[in-house]
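Me: Please take me through the terms used to describe this protein, and set each one against its definition.

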Amino acid sequence: MRIAFLVAPEGVEQVELTDPWQAAKDAGHEPVLVSTQQGEIQAFNHLDKADTFPVDEVVGDTSPDSFGALVLPGGVANPDFLRMDDKAVAFVRDFFEHGRPVAAICHAPWTLVEADVVRGRELTSWPSLQTDIRNAGGTWVDKQVKVCDHGANKLVTSRKPDDLKAFCETFLDVFAQEAA
C-alpha cells in the first residue's frame, strides 16, 4: 500500500515521522513524504532542529486517490502550518470522504479539526488539543491509542511520542484490514 505521510516544510516532530515511516516500510508498505512545497522538510526534536528529509510529492500536485492511507505526524508547528494551507486541508478531507484510513499522533489532530472531520468522532491527542476537538464536535479521550470507526473511514490516534509503539502497531493493523 502507498501511504502518504503529510508534513509541513518545517515543524514535524522527527520521531513521530521516522518511527511510523520505518514501521510502514518494515511491513512492506511504500511510505511517501508529501508536503506543501518541493525540496526538503525540516524535522524537529521538540523545539530543536533535527534532520531534513526529501519531499517525494507536493500536496497540490498529487492525488489522494494514489494512496491507500494517510499518516499525520505531530509536532507543535507542523499541523499549525498544514491547517493554514487549503490544499493540505483538502487532501486530508479527501481521505475521510472516500473512506480511506487515517492515523494521527500528538498535535496532528489540529489539521483534522481544520478539515472539519472530527464531528461525531472519538479521538485522542496531545492533551492541549482536547478543547479544540470538543469545539469541533469530537469526543476527546485520554488513551494511548484510539481507533474510531464512527464515520466513513477508520481513524487511529495517539497522544505523544511515548505512545509510538502502540500507535504504529495499531495503524498497521487497521491499514492491513482496510486493504484486505
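This is a predicted model: local features need pLDDT of at least 70, side-chain atom pairs count only at pLDDT 80 or more; totals for chains, interfaces and linings use all residues.

Reply: Residues are numbered from 1 along each chain as its sequence is written, and side-chain values use heavy atoms, with hydrogens and water left out.

Me: How do you know that β7 and β8 pair, and in which sense?

Reply: Two strands pair if DSSP finds at least two bridges between them. Strand β7 (residues 69-72) and strand β8 (residues 102-105) have three bridges, in the parallel sense, so they meet the definition. Leu 72, for instance, has Ala 104 of β8 as its bridge partner. Strands themselves are DSSP runs of E with at least two residues, and helices are runs of H or I with at least four, numbered from the N terminus.

Me: What makes β6 and β11 edge strands?

Reply: The open sheet has seven strands with mixed pairing, in the order β6-β3-β1-β7-β8-β12-β11. β6 (57-58) and β11 (145-148) each have a single partner strand, so one side of each is left without a neighbour in the sheet.

Me: What is the span of α6, and what is expected of it?

Reply: The expected span of a helix is 1.5 Å times one less than its number of residues. α6 has 16 residues and reaches 22 Å from its first C-alpha to its last, close to the 22 Å expected. Helix α6 (residues 164-179) lies across β1 (2-6), β7, β8, β11 and β12 (155-158), and runs at about 170° to β8. Such angles run from 0 to 180 degrees between N-to-C directions, with axes fitted to C-alpha atoms, for helices over the stretch in contact.

Me: Why is Thr 170 called buried?

Reply: Buried means under 20% relative accessible area, exposed over 50%, and partly exposed in between (1.4 Å probe, protein chains only). Thr 170 has 18%, and therefore counts as buried. This residue of helix α6 touches Val 145, Val 147 and Val 156, not counting residues up to four places away in sequence; contact means heavy atoms within 4.5 Å. Other buried residues of α6 include Leu 164, Phe 167 and Phe 175.

Me: What makes a group of residues a nonpolar core?

Reply: A nonpolar core is a set of buried Ala, Val, Leu, Ile, Met, Phe, Trp, Tyr and Cys residues joined through side-chain atoms within 4.5 Å. The largest has 31 residues, of which Leu 6, Leu 70, Leu 72, Phe 91 and Leu 112 touch the most other members. α3 gives the most to this core, with six residues. A second, separate core of 24 residues includes Ala 24, Val 55, Phe 171 and Leu 172.

Me: Why is His 46 called exposed?

Reply: Its relative accessible area is 57%, so His 46 passes the cut-off for exposed. His 46 is in the loop between β4 (40-45) and β5 (48-54), and has a positive phi of about 60° although it is not a glycine.

Me: Is Cys 106 buried or exposed, and why?

Reply: Cys 106 has 5% relative accessibility, so Cys 106 counts as buried. Cys 106 lies in the loop between β8 and α4, and its phi is near 65°, a positive value in a residue other than glycine.
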